[in-house]
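Reader: I am new to this structure and would like to understand the words used for it. Could you take me through them, one by one?

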Amino acid sequence: PVLMPCILVGIFYANRKEIDKVMSVWKQHDEECIARGESTAAWTIQEVKTYMALEENGGHEVSGSVMALAPNFMKFDPSCWWMGTFLLVVRIFQTSLLIFLSDPEVQSTFGAFISLICVCTLREFEPYRIDSDDTVGVLAQWMLFIFMSILLLVHDVRSEERRVGKECRS
């Protein structure tokens, strides 16, 4: 579970300048669409590649590796090319890593802590190209934080009830 995010970060880092160019063009297109009142979802990575290859736009050819990586970074601002990998790591920590923690209290606490880190990161960087996506991302992580906190409280209440029950029987 750790190797894949590391590989993605390495590939993104090696191609970050080209990714920045592609994402700057894409963000400019999004802003123009918003100004005209049109949908920003209509433009594909292939259309970005074609647009950038035109002579009047600099004639920049987009490499195949960046085209293959596009689904991992195209929803983020150009400066946040790394956010897709960060969110992948967060999901791994919130799911797969919790299996290795045996105590439910530790699982809930760790899950809540990871959610809180993610909330802070999403609020600070506002990584998505579309502002409403930033809001949805932060709210989703707050929901996970609240859910994990409630799980922790329920587990504490049940543990206390069991302890009191054992004392009454003694």
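Author: Gladly! Let's begin with a pair: aspartate 30 and arginine 129 form a salt bridge, and their closest N and O atoms are 2.5 Å apart. This is a predicted model, in which local features need pLDDT of at least 70 and side-chain atom pairs count only at pLDDT 80 or more, while totals for chains, interfaces and linings use all residues. Residues are numbered from 1 along each chain as its sequence is written, and side-chain values use heavy atoms, with hydrogens and water left out.

Reader: Why is the pair of aspartate 30 and arginine 129 called a salt bridge?

Author: The term asks for a side-chain nitrogen of Lys or Arg within 4 Å of a carboxyl oxygen of Asp or Glu. Here the closest N and O atoms are 2.5 Å apart, so the pair meets the cut-off of 4 Å. In general, side chains of opposite charge can pair when their charged atoms come close.

Reader: What makes this pair a tie between parts of the chain?

Author: Aspartate 30 lies in helix α2 (residues 16–36) and arginine 129 in the loop between α6 (104–125) and α7, so the pair ties together parts that are 99 residues apart in sequence. Helices here are DSSP runs of H or I with at least four residues, strands are runs of E with at least two, and both are numbered from the N terminus.

Reader: Are aspartate 30 and arginine 129 buried or exposed, and how do you know?

Author: Buried means under 20% relative accessible area, exposed means over 50%, and partly exposed is in between (1.4 Å probe, protein chains only). Aspartate 30 has a relative accessible area of 3%, so aspartate 30 is buried. Arginine 129 has 13% and therefore counts as buried too.

Reader: How many salt bridges does the rule give?

Author: The count comes to 4. Among them is the pair of glutamate 38 and arginine 36, at 3.1 Å from N to O. Another is formed by glutamate 126 and arginine 123, at 3.7 Å from N to O.

Reader: Why is glutamate 126 called partly exposed?

Author: The relative accessibility of glutamate 126 is 37%, so glutamate 126 counts as partly exposed. Glutamate 38, with 43%, is partly exposed as well. Glutamate 126 is found in the loop between α6 and α7, and its phi is near 40 degrees, a positive value in a residue other than glycine.

Reader: What about glutamate 18: which side chain of opposite charge is nearest to it?

Author: That is lysine 21, 7.5 Å away. Lys and Arg count as positive and Asp and Glu as negative, while His and the chain ends are not counted. Glutamate 18 lies in helix α2 and is buried, yet has no salt bridge.

Reader: Which residues is glutamate 18 in contact with, leaving aside its neighbours within four places in sequence?

Author: They are His60, Glu61, Val62, Ser63 and Val66. Contact means heavy atoms within 4.5 Å.

Reader: Why is methionine 23 called buried?

Author: Methionine 23, found in helix α2, has 1% relative accessibility, so methionine 23 counts as buried. For alanine 35, also placed in helix α2, the value is 70%, and alanine 35 therefore counts as exposed.

Reader: Which residues make the nonpolar patch?

Author: Leu116, Leu139, Trp142, Ile146, Ile150 and Val154 make a nonpolar surface patch of about 520 Å². Accessible areas come from the Shrake-Rupley method with a 1.4 Å probe, and for residues only the protein chains shown count as cover. The largest share of the nonpolar patch, 5 residues, comes from α7.

Technical notes:
Patches are made of residues with over 30% relative accessible area and no salt bridge: like charges are joined within 9 Å, nonpolar side chains (Val, Leu, Ile, Met, Phe, Trp, Tyr) within 5 Å.
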